[in-house]
Amino acid sequence: LALAPNAEPAAAAADLPALLEVAYEHLREASAGQSEIWICSDLRANDWHAESPRWRAAREAFLALAAAPRFRLLAYAHAAPGNVSVRVTGARKRQAREGAELLLSLRLEREAGAAESVKIPLELEIESARSVMNIEMDGAEYELRDHAVPLLGESARGWGRVAIPSDANPADNEFYFAFEEPHPRRAIVVADDPLAELPLALAAEIPAEPAWPARAEVVPLAELAAIDWSDVALLLWQSRLPEGKNADAVRAFLRRGGSAVFFPPREPEADGPEFLGVRWTAWQEPPAPCPVESWRTDYGLLADAMSGAALPVGTLEILRYCALAGETAPLASLAGGALLLGSAAREEVRAYFCATTPAPADSSLGSGGVVLYALVQRALAGGAAALGNARMLDAGAQAERDAPLSWRRLAGPEGALSSEYAVHRGVYEERDALIAINRPAAEDARAVLAGARADLLFEGLNFARVEGHGGGAEALARETWKFFIAAMVCALLLEAMLSLPKVARARSIAA
């Protein structure tokens, strides 16, 4: 395994239900007998998709086999002490009086509980030119915003890398980026309710930074076929879900890397269209405004601000919401467990479904302003990252859609197969475009699946879980002690057999 190219560490996120589906297909096609499936995991929630209905289907499929396999989970859920991660949150080129310069923003994070101040040498590499800056980190997070770095070349675009010293987790110690002058951030708004259309358009056309020009266009559904999607970063859709040619165009836009947020129509239909495995069912009107009970603060559209302050999601009042049918990854839930905001789970695209609208009759999203603005701007930034000739993509399916066989590697780990560039971090060149591949943001999320919850996912199957700690092998030793005992007994028996005295042969004595 250590020498197999296919077994090298990858930057893409894991998908445990999908891996189990592959394992099931292998066992079924091979008509395998008694088998064991071993899983080694840090139990990060984003890898397990515990709420996905695929788990139930997987359990039923394994139980239906002639010989159901045994499952062994080596769980290393405890965070490695002292681990620090680095992530570039923004990189753009601009023209200053002294010449061209790079404005770089990044974030350092370390495991909770570390209170002592520590100095971290941050290595900055811009197209083979390297420098080091010392960062003093006092808390759990450190933010660097728009750090200016002079650029010597005259190229319209470029690439770089930031890195910190090796620690407990080498997978999050470096981050690659590509940069150029910012492109206009264009958003398309499709809405059948004017009271929802206005807040959405305003949230999209007011830029978060003056250097990022933005504009929003309200397009009637009948004119959508005439849209040029090549420079669109965000689609805000409050209408009947796309179908027919519109669905094909929106799906192609998402696969290209654009973002879309879907809001329910005024009159959803019970047999309405399905898009990305999801469809709207019916409006629910609680007797009193429904509060938001929980939301993801570690990543996603409702994550905490760069300052560490939480968005005021809990202050929203949801007067009514539309139920969803299909599989989504929840990002926010209402009291009682109803979904408020979720992301598409069938495909790795930036598609989100919000169960209410910013219209005053539906919620306080439009009047509150902050939550809706942050949601729209973050979706807009995600879609804008896939535009232009300097792109930063998440490793995995999002990068695989860009025909990696034609890429040429400029930087990154050696030894990766050219057919697997899309899952390995690095910088790649395709014609005039630079593409930086890194781990998805969800990989830095600290939410951990509880051990008892993992046990429930394998309910009914022959399953055993072994707990361990990062950097140690105590749990594995406890699991394998019986084999060493058996080997020692065999060795003692062999030693005893070899130590037995030889039997003397009887000899006749001549008289």
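Which residue in S7 is the bridge partner of Arg107? Let's look at the strands to find out.

## About the model

What you see is a predicted model, where local features need pLDDT of at least 70, side-chain atom pairs count only at pLDDT 80 or more, and totals for chains, interfaces and linings use all residues. Residues are numbered from 1 along each chain as its sequence is written, and side-chain values use heavy atoms, with hydrogens and water left out.

## The three-stranded sheet

Here, three strands line up as S3-S4-S7 in an open sheet with antiparallel pairing. From one strand to the next, the twist averages 15° (axes are lines fitted to C-alpha atoms, and angles run from 0 to 180 degrees between N-to-C directions).

Strand S4 (residues 99-110) pairs with S7 over eight bridges, in the antiparallel sense. The partner of Arg107 in S7 is Glu143.

## The four-stranded sheet

Another open sheet has four strands, in the order S6-S5-S8-S9, and its pairing is antiparallel. Its edges are strand S6 (129-137) and strand S9 (174-180), each pairing on one side only. On average, neighbouring strands here are turned by 25° against each other, direction ignored.

Strand S8 (residues 157-163) and S9 run antiparallel and are joined by seven bridges. Take Trp159: its bridge partner in S9 is Ala178.

Methods: Two strands pair if DSSP finds at least two bridges between them. Helices (H or I, at least four residues) and strands (E, at least two) are DSSP runs, numbered from the N terminus.
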